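Today I am opening a new notebook page on this model. I will jot down what I looked up, entry by entry.

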Amino acid sequence: MTTTMAIRIHGLGGPEMMRWEQLPLPEPGPGEVLVRHEAVGLNFIDTYHRSGLYPVPSLPAVLGMEAAGVVEAAGPPATDGPTFRAGDRVAYGSVLGGYCERRVMPAEQLVRIPDGVAFEAAAAAMLKGMTSWYLCRRTYRVRAGETVLIHAVAGGVGTILCQWCKALGATVIGTAGSAEKGRLARAHGCDHVILYKEEDFVERVGEITGGEGVPVVFDGVGKATFDGSMECLALFGMMITFGNASGPVPPLNLLRLSARGITVARPSLKPYIERREDLEEASSELLGHIQAGRIELTIGQRFPLSDAAAAHRALESRQTQGCTILVP
């Protein structure tokens with residue numbers, strides 16, 4: 001029987017729960033393809049699945065949500081579904097089970113990688129990039145001339161979202177945890193970098209905006225920044241909390257929103273790409289920006305896939321910059 005190596009968890013907890021194991025690999029059936037991974041992306045949601053903050057369907061489970069690679073074989077195409085052939089370059093960004101060398105998966109969850117976009121860029125960009133897409137194109141439509149606040153602007157989502165907002169004509173205020181991360185943020189177009197360990201980001205946002213605040217805050221940090229982010233909002237502003245890097249946001253008294261007409265959103269990627277046409281729209285916009293050079297991916301660090309536990313430790317301790325790639 002054909003096999004593959006994969007990172008799998010049998011229980012919930014810390015990085016020590018991750019095991020490098022050999023697993024059976026079935027032949028692709030109708031509507032399925034066999035993909036050989038060239039690069040696998042690392043995301044905070046992987047740590048949430050490992051710890052149990054976000055439940056996985058069942059255990060044991062292979063972690064990972066995004067990867068890029070080559071189609072090695074394809075089963076009979078499904079009716080009205082996409083068709084792939086051996087040799088096609090493909091990627092995906094919201095399908096559990098990516099921490100492996102090879103896998104069989106539904107063709108409808110894959111998209112083609114256009115010419116000029118490298119495997120590492122596609123693997124690093126799919127989940128984080130489509131997250132950026134729904135944040136600034138669907139949850140809140142960023143418009144030219146607006147000023148937006150992005151937390152963790154030097155992170156994987158932050159660097160992509162910053163560039164996307166700049167492409168839409170916005171001014172970007174971003175928070176970062178160190179001078180080095182601040183330099184990375186500026187290199188990706190961030191107009192105003194706030195080093196949150198040295199400065200009060202609420203005061204700085206007030207100074208930058210002349211006391212008006214911002215119409216939207218994109219916050220993937222969670223508990224540590226939520227209250228301050230609410231103070232940064234302008235009249236009728238939108239608070240978008242989409243991650244829990246510092247822990248989940250505590251329960252919210254909705255009466256806090258009424259004084260200034262504030263809206264709070266807690267979106268996630270899956271509903272935005274549930275339909276095939278939405279997945280194609282999101283990935284086409286994202287990969288088109290990368291192909292055109294409007295969005296550049298910074299691969300800050302690479303780890304062997306077999307050592308994914310070290311990558312998780314680095315991510316959770318805020319030691320990473322830009323995007324992180326796991327190499328099969």
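Does Y48 count as buried, partly exposed or exposed, or rather: which of these is it at 7% relative accessibility? Y48 counts as buried, because its relative accessibility is 7% (buried means under 20% relative accessible area, exposed over 50%, partly exposed in between, with a 1.4 Å probe and protein chains only).

A note on ground rules: this is a predicted model, where local features need pLDDT of at least 70, side-chain atom pairs count only at pLDDT 80 or more, and totals for chains, interfaces and linings use all residues. Residues are numbered from 1 along each chain as its sequence is written, and side-chain values use heavy atoms, with hydrogens and water left out.

**Entry: aromatic rings**

I stayed with Y48 and found that it pairs edge-to-face with Y54, at 4.9 Å centre to centre and 65° between the planes. Rings of Phe, Tyr and Trp (its six-membered ring) pair if their centres lie within 6.5 Å; planes under 30 degrees apart are stacked, over 60 edge-to-face and the rest tilted. Y54 is partly exposed, with a relative accessible area of 24%.

Y134 lies in helix α2 (residues 119-139) and Y272 in helix α7 (residues 269-272), so the pair ties together parts that are 138 residues apart in sequence. Helices (H or I, at least four residues) and strands (E, at least two) are DSSP runs, numbered from the N terminus. Y134 is buried, at 2% relative accessible area.

**Entry: the sheet**

I traced an open sheet of six strands in the order β11-β10-β9-β12-β13-β14, with parallel pairing (two strands pair if DSSP finds at least two bridges between them). Its edge strands are β11 (192-195) and β14 (263-265), each pairing on one side only. Between β9 (residues 147-150) and β12 (residues 214-219) I found two bridges, and I150 stands opposite F218 in β12. Helix α5 (residues 201-208) packs on the sheet and touches β9, β10, β11 and β12 (contact means heavy atoms within 4.5 Å).

**Entry: R102**

R102 lies in strand β7 (residues 102-106) and counts as partly exposed, at 21% relative accessibility. Its side chain makes a polar contact with the side chain of E72, at 2.7 Å. A polar contact is a pair of N or O atoms within 3.5 Å; within protein, one must be able to donate a hydrogen and the other to accept it, and residues adjacent in sequence count only if both atoms are side-chain atoms.

Key. Axes fitted to C-alpha atoms, helices over the stretch in contact; angles between N-to-C directions.
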